[in-house]
Protein chains: 2
Amino acid sequence: MSAIVVGSRARYSARARLRALQTDIMDLILERELDSGDPLPTENELAAELGVGRNTLRESLKVLQAVGVIEIRHGFGMFVAPSGFDALADGMAFHGRLSLRHEGHEAEQLVDVRQALEAGLIGASIDAVTTEQMQRIEAAVMKMEEAADRGETFAEADAEFHRLLFEPLGNDLLMNLMAVFWKVYRKIHVEIGVDEVDLVHTAAEHRRIYEAVAAKDKPLASELLSRHFDGIRAKIKRVVAER
Amino acid sequence: MSAIVVGSRARYSARARLRALQTDIMDLILERELDSGDPLPTENELAAELGVGRNTLRESLKVLQAVGVIEIRHGFGMFVAPSGFDALADGMAFHGRLSLRHEGHEAEQLVDVRQALEAGLIGASIDAVTTEQMQRIEAAVMKMEEAADRGETFAEADAEFHRLLFEPLGNDLLMNLMAVFWKVYRKIHVEIGVDEVDLVHTAAEHRRIYEAVAAKDKPLASELLSRHFDGIRAKIKRVVAER
DNA sequence: GGTTATCGGATGTAGGACGTCCGATGCTGG
DNA sequence: CCAGCATCGGACGTCCTACATCCGATAACC
């Protein structure tokens, strides 16, 4: 059963062959109706079944693990991954940092996408948010304000704020994407400094956004979020110009 | 020079070690100020430098290639990859297909994200679009209409339409995210049939969106796009319910 | 001078050997 | 009878060797 086509992977370029191997593995998972958490065949079985050496197979498996398709547990086995695009953050962060040495275009693209996502979905999130969640959001705001007063940076609270803001939607994909964006932003953030004026200003921005959400004012919340990202974009431009 | 720390990769779990190896490679690129298109050391040199075997190194290199950090050319060498937010596609498309077998929640989440992106960014795209690009968009619309008249499906033209709609922004990340959606949607499309009513209706929807863009009416275009995705979401719900 | 042949280096693939980790089995002692 | 521990077996992790394949470049040839 599950007749895996082997011969099709014949005389393409090396990259295409590796890619074909990856899709073969994914197809195998789908054909056998495996689900998140289900175990995959062992490496040796897979290698025999797909007609490739264990080394070649492992290279594909590692890629699939990196893009969140499978999970590999040392000494136990391989499983269909629940979700999560962790490793992708590295690649995107890398290009973001690389682009800062030029025009910073790729870093800006990240901000553009995040801006559209957050500004576009805040309305739906306002509809779904509970009072308990609102309290946690305000707590994050207060943490940012306190840190700003002490002149300390507050990357954690900032991330927490944005995460909590869209948690009510229950959209795992969105949360994963935002986690990725945040990892990238943090890496970039390290390369540039932040002065105290920025800290207080940023904290105040988040306070206003929180108040708009609390008041269920969707257009205002969307507008404030959008402008928040305009500020981030301006900061990136400034950093690029300085070098 | 470029004293690469080897000892730090000592006694962690396997996954952490592989991840550390990847960041070591990326750090090496950044430390040596390599740029897009610059060559990396050979596999053997890197393996020796980082203190790992060639096989272990290759697994990391393949991952970095998959996430778009480096480019590997058989028989020639490895290079820092030129731009690129590719790679999200495979993992997300896989999980989208996986979820279709259940409630289709991830597929719906995908639509939610895309809705926010397209509705939120169409305004900026309207500002940037050229007349030449508008002509290509209309051509895609006509192709859809002609196919609908013949009772044929037009997934390609549909994808082309949305791609052209946001090409003016020059945002690679956005284009890749949209490509992901189409990979998933194409799979759905294949698994079910579409009736002719849907075809004509969908083609007409795209015609109206095109006209709104041509008239530079940003709010209308955003609204039409948003409703277009409402329809898609309903269709996915129907597909999931049928099984 | 242009074309072709060959060469060298780099990546691609395969297979084997051994290390490391983890869960499970079964033993031991209370 | 049960809890804790030791052992075992399977599966992934790493490394090495050997050879295949590919590509660019040099050199030979017409």
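## Cavities

A cavity is a set of grid points where a 1.4 Å probe fits but cannot get out. In this predicted model, a search of the whole structure finds seven cavities of 30 Å³ or more, and the largest cavity holds about 130 Å³ of space.

The lining of the largest cavity is drawn from chain A, where helix H5 (105-128), helix H8 (172-191) and helix H10 (218-242) each supply at least two residues. The residues that line the largest cavity are A:Ala107, A:Leu110, A:Val111, A:Arg114, A:Phe181, A:Val184, A:Tyr185, A:Ile188, A:Phe229, A:Ile232 and A:Ile236. Divided by class, this lining has 10 nonpolar residues, no polar residue and one charged residue.

## Helix packing in chain B

Two packed helices are described by the angle between their axes and the distance between the axes. In chain B, helix H1 (residues 14-31) packs with helix H2 (residues 43-50) at an angle of about 110 degrees, and their axes are 12 Å apart. Because angles of 65 to 115 degrees count as roughly perpendicular, H1(B) is described as roughly perpendicular to H2(B). On the side of H1(B) the contact is made by B:Leu21, B:Asp24, B:Ile25 and B:Leu28, while H2(B) contributes B:Leu46, B:Glu49 and B:Leu50. The contact of H1(B) with H2(B) has five nonpolar residues, two charged residues and no polar residue.

A second pair in chain B is formed by helix H5 (residues 105-128) and helix H7 (residues 155-166), which pack at an angle of about 50 degrees with their axes 9 Å apart. H5(B) and H7(B) are therefore oblique to each other. The residues that make this contact are B:Arg114, B:Glu118, B:Leu121, B:Ile122 and B:Ser125 of H5(B), together with B:His162, B:Leu165 and B:Phe166 of H7(B). By class, the contact of H5(B) with H7(B) comprises four nonpolar, two polar and two charged residues.

## Two buried residues of chain A

A:Ile122 has its place in helix H5 of chain A, and its relative accessible area of 1% makes A:Ile122 buried, because buried means under 20% relative accessible area. Not counting residues up to four places away in sequence, A:Ile122 touches A:Leu165, A:Phe166, A:Val213, A:Ala221, A:Ser222 and A:Leu225. A:Ile122 and A:Pro168 are 46 residues apart along the chain, and their C-alpha atoms are separated by 10.0 Å.

A:His206 lies in helix H9 of chain A and is likewise buried, with a relative accessible area of 0%. When its neighbours within four places in sequence are left aside, A:His206 is in contact with A:Val141, A:Met144, A:Asp158, A:Phe161, A:His162 and A:His228.

## Positive phi at Lys216

Most residues other than glycine have a negative phi. In chain A, however, phi of A:Lys216 is near 60 degrees, a positive value in a residue other than glycine. A:Lys216 is found in the loop between helix H9 (196-214) and H10 of chain A, and A:Lys216 is partly exposed, with a relative accessible area of 46%.

In chain B, phi of B:Lys216 is also near 60 degrees, again a positive value in a residue other than glycine. B:Lys216 has its place in the loop between helix H9 (196-214) and helix H10 (218-241) of chain B, and at 47% relative accessibility B:Lys216 counts as partly exposed.

Definitions and conventions: Residues numbered from 1 in each chain as written. Chains lettered and ligands numbered in written order. Predicted model: local features only at pLDDT ≥ 70, side-chain atom pairs only at ≥ 80, totals over all residues. Heavy atoms only, no water. Axes fitted to C-alpha atoms, helices over the stretch in contact; angles between N-to-C directions. Helix = DSSP H or I, 4+ residues; strand = E, 2+ residues; numbered from the N terminus. Parallel < 35°, antiparallel > 145°, perpendicular 65-115°, else oblique. Contact = heavy atoms within 4.5 Å. Nonpolar A, V, L, I, M, F, W, Y, C, P; charged D, E, K, R; others polar. 1 Å grid on protein atoms, 1.4 Å probe; cavity = no way out; pocket = protein on both sides within 12 Å on 5 of 7 lines; lining within 4 Å. Points joined across faces, edges and corners; volume = space filled by probe spheres on them. Buried < 20%, exposed > 50% of the residue type's maximum accessible area, 1.4 Å probe, protein only.
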